[in-house]
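My notes follow in the order I looked.

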Amino acid sequence: MQFLKIRLRRIQTLLFGLLFLIPAYLKGKKIQNPPNIVFIMVDDLGYADVAYMNQKIGIHTPHINKLADKGMVFSQAYTTAPVCSPTRASLMTGKYPATLKMTCHIPGLSIEKYLKKVNNGKQLKEGHFLDHLPTEEITIAEALKDKGYTTAYIGKWHLGGDGSVYSQDGIINEAYLPDKQGFDINIGGCAYGQPKSYFDPYRNGTIKDRKKGDYLTDRLGDESIKFIENHQEEPFFLMLATYAVHTPLQAPEDMIEKHKGNKFFAMIEMVDNNVGKVMHKLEELELTDNTIVIFYSDNGGLWGNPPLKGKKGTLNEGGIRVPMIVQFPQKVKAGTHCPTPISTIDFFPTLLEVAGIPLSDHPQVEGQSLMPLLQEKNDFPERPLYWHFPHYRKEGTSMGAAIREKHWKLIHSFEDDTSLLFNLTADPGESQNQAENFPEIRNDLLKKLKQWQKDVDAEMPEPVTINK
């Protein structure tokens with residue numbers, strides 16, 4: 001009996017000691033959380049506006065290039081719209097703009113004044129669209145927050161109401177801001193489609209002025225790394241949505257001088273510097289291996305997108321195909337390439353899978369998880385992609401809709417009820433209309449496009465009535 005008592009006391013002593021040793025052990029060893037998520041979305045960054053594309057001489061993006069080297073480059077990544085607000089709404093909800101009734105950028109003018117201006121002299125009235133992301137929509141931030149993620153939106157939102165040019169601070173309705181849509185932190189997100197100024201004071205009600213002359217892209221980068229530092233011990237979702245490289249073209253003088261007066265290239269390099277800043281902080285805190293980083297743009301570029309045709313605001317490839325990189329050391333092999341067409345609606349289900357949330361919890365989502373592609377598996381389903389854009393732009397192919405299936409793309413004009421058909425494998429520049437050569441393919445794609453428009457109850461343009 002005495003022997004058993006001695007043994008029991010020794011076991012108790014050992015267990016008691018372990019209680020002190022375990023915290024000390026864990027203090028020097030990071031507990032593996034669900035993967036962190038960093039989504040970097042640049043505004044108006046075109047397909048050719050990154051150095052790794054080798055399309056424009058003089059672009060300097062070493063940090064974005066490094067991200068490409070360490071991750072997977074998507075060469076046929078699309079946005080769901082050729083302008084910003086619809087793409088942002090799609091990203092937040094996993095739905096097509098036509099489903100959301102958010103097919104146009106939310107104008108800085110009132111919608112009434114905007115429509116009066118753009119419809120003047122036209123044969124069709126633009127389709128109806130909303131001026132904000134409805135609060136009843138479930139956002140990816142809300143889904144991740146329910147899973148225990150801390151969430152931050154830093155940068156351009158542009159989903160918060162029309163008429164921002166008349167405001168003093170970009171806030172039209174506080175109920176429409178990111179912190180009412182699942183984000184714990186909102187810095188910079190308001191109704192603005194572009195900043196009043198890229199230099200402090202910003203006249204933005206969701207970002208406090210810090211130092212006169214501070215550059216906005218740098219400030220958003222600083223706020224991003226502060227968020228990462230403050231939440232490194234817990235799973236986090238950081239949405240860094242730069243206002244750059246949207247107009248006005250403004251950059252620090254030394255950077256403009258470096259690029260021999262090219263303000264646009266200077267702005268791109270300032271974005272690149274802050275991508276590097278964020279990536280360095282992840283490495284410094286040993287978070288890289290457990291973080292998925294997605295680099296993307298909200299629509300095509302304004303200043304040419306070789307070898308693609310068209311630019312922002314058009315349904316041509318230059319208006320909707322954008323740069324995209326995914327780095328995720330746990331799942332993605334470095335230096336890989338994906339040629340499969342993907343769209344904005346695919347990010348919501350992808351991030352659900354990353355976070356371990358069943359897609360069945362969100363049956364409203366219209367996209368597909370990209371994880372099979374990221375892991376180079378062969379079970380990613382083939383499906384058509386759609387665009388619905390019943391709106392006018394000054395130049396290019398607009399006021400229409402489009403469908404891409406495999407290597408074929410059809411653009412249908414609402415004004416004259418005609419269709420263009422392109423073989424994007426043979427003709428990525430969309431220079432040869434094949435509609436008359438392949439009528440069966442044209443008719444099949446048009447039928448699918450019209451059925452999809454019916455399924456999502458897409459808002460259509462209407463004839464302009466002339467009062468006599």
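Where is the place of methionine 324? I found methionine 324 in the loop between strand 9 (321-322) and strand 10 (325-327). I note here that the model is predicted.

**Methionine 324**

Buried or exposed, I asked of methionine 324? Its relative accessible area is 0%, so I logged methionine 324 as buried. I then listed its contacts, leaving aside neighbours within four places in sequence. Methionine 324 is in contact with Tyr52, Met72, Val73, Phe74, Ala77, Phe295, Tyr296, Ile342, Phe347 and Leu370. I also checked the separation from glycine 367. Methionine 324 and glycine 367 are 43 residues apart in sequence, and their C-alpha atoms are 17 Å apart in space.

**Arginine 442**

I looked up arginine 442 next and found it in helix 13 (residues 439-455). Arginine 442 has a relative accessible area of 19%. The cut-off for buried is under 20%, so arginine 442 counts as buried. Not counting residues up to four places away in sequence, arginine 442 touches Leu410, Ser419, Leu421, Ala435 and Glu436.

**Helix 3**

I went through helix 3 (residues 84-93) for burial. Of its 10 residues, 10 are buried. Among them are Cys84, Arg88 and Met92. Glycine 94 follows helix 3, and I read its phi as positive, near 75 degrees.

**Helix 9 and its partners**

I took helix 2 (residues 62-70) against helix 9 (residues 263-284). Their axes come within 7 Å and cross at roughly 50 degrees. Helix 2 and helix 9 are therefore oblique to each other. On the helix 2 side, the contact is made by Pro62, His63, Ile64, Lys66, Leu67 and Lys70. Helix 9 brings Asp272, Asn273, Val275, Gly276, Met279 and Glu283 to that contact. I sorted the residues of the helix 2 contact by class: five nonpolar, three polar and four charged.

Helix 7 (residues 216-230) was the next partner I checked. The axes of helix 7 and helix 9 come within 9 Å and cross at roughly 10 degrees. That angle is why I logged helix 7 as roughly parallel to helix 9. Helix 7 makes the contact with Thr217, Asp218, Gly221, Asp222, Ser224, Ile225, Ile228 and Glu229. From helix 9 come Met270, Val271, Asn274, Lys277, Val278, Lys281 and Leu282. The helix 7 contact has six nonpolar, four polar and five charged residues.

**Largest pocket**

What volume does the largest pocket have? I noted about 1100 Å³. The largest pocket is lined by 32 residues. His105, Tyr114, Lys312, Arg393 and Lys394 lie nearest its centre. Helix 5 (residues 111-119) gives the largest share of the lining, three residues. By class, I wrote down 13 nonpolar, 10 polar and nine charged residues for this lining.

**Largest cavity**

How many cavities of 30 Å³ or more are there? I counted one. The largest cavity holds about 50 Å³ of space. Its lining is Gly188, Tyr192, Pro195, Lys196, Ser197, Tyr202, Asn204, Ile207, Leu216 and Tyr243.

Methods: Residues are numbered from 1 along each chain as its sequence is written. This is a predicted model: local features need pLDDT of at least 70, side-chain atom pairs count only at pLDDT 80 or more; totals for chains, interfaces and linings use all residues. Side-chain values use heavy atoms; hydrogens and water are left out. Axes are lines fitted to C-alpha atoms, for helices over the stretch in contact, and angles run from 0 to 180 degrees between N-to-C directions. Helices (H or I, at least four residues) and strands (E, at least two) are DSSP runs, numbered from the N terminus. Angles under 35 degrees count as roughly parallel, over 145 as roughly antiparallel, 65 to 115 as roughly perpendicular and the rest as oblique. Contact means heavy atoms within 4.5 Å. Ala, Val, Leu, Ile, Met, Phe, Trp, Tyr, Cys and Pro count as nonpolar, Asp, Glu, Lys and Arg as charged, and the others, Gly among them, as polar. Buried means under 20% relative accessible area, exposed over 50%, partly exposed in between (1.4 Å probe, protein chains only). On a 1 Å grid over the protein atoms alone, a cavity is a set of points where a 1.4 Å probe fits but cannot get out, and a pocket is an open set with protein on both sides within 12 Å along at least five of seven lines; lining residues have an atom within 4 Å of a point. Grid points are joined across faces, edges and corners, and a volume is the space filled by probe spheres set on the points.
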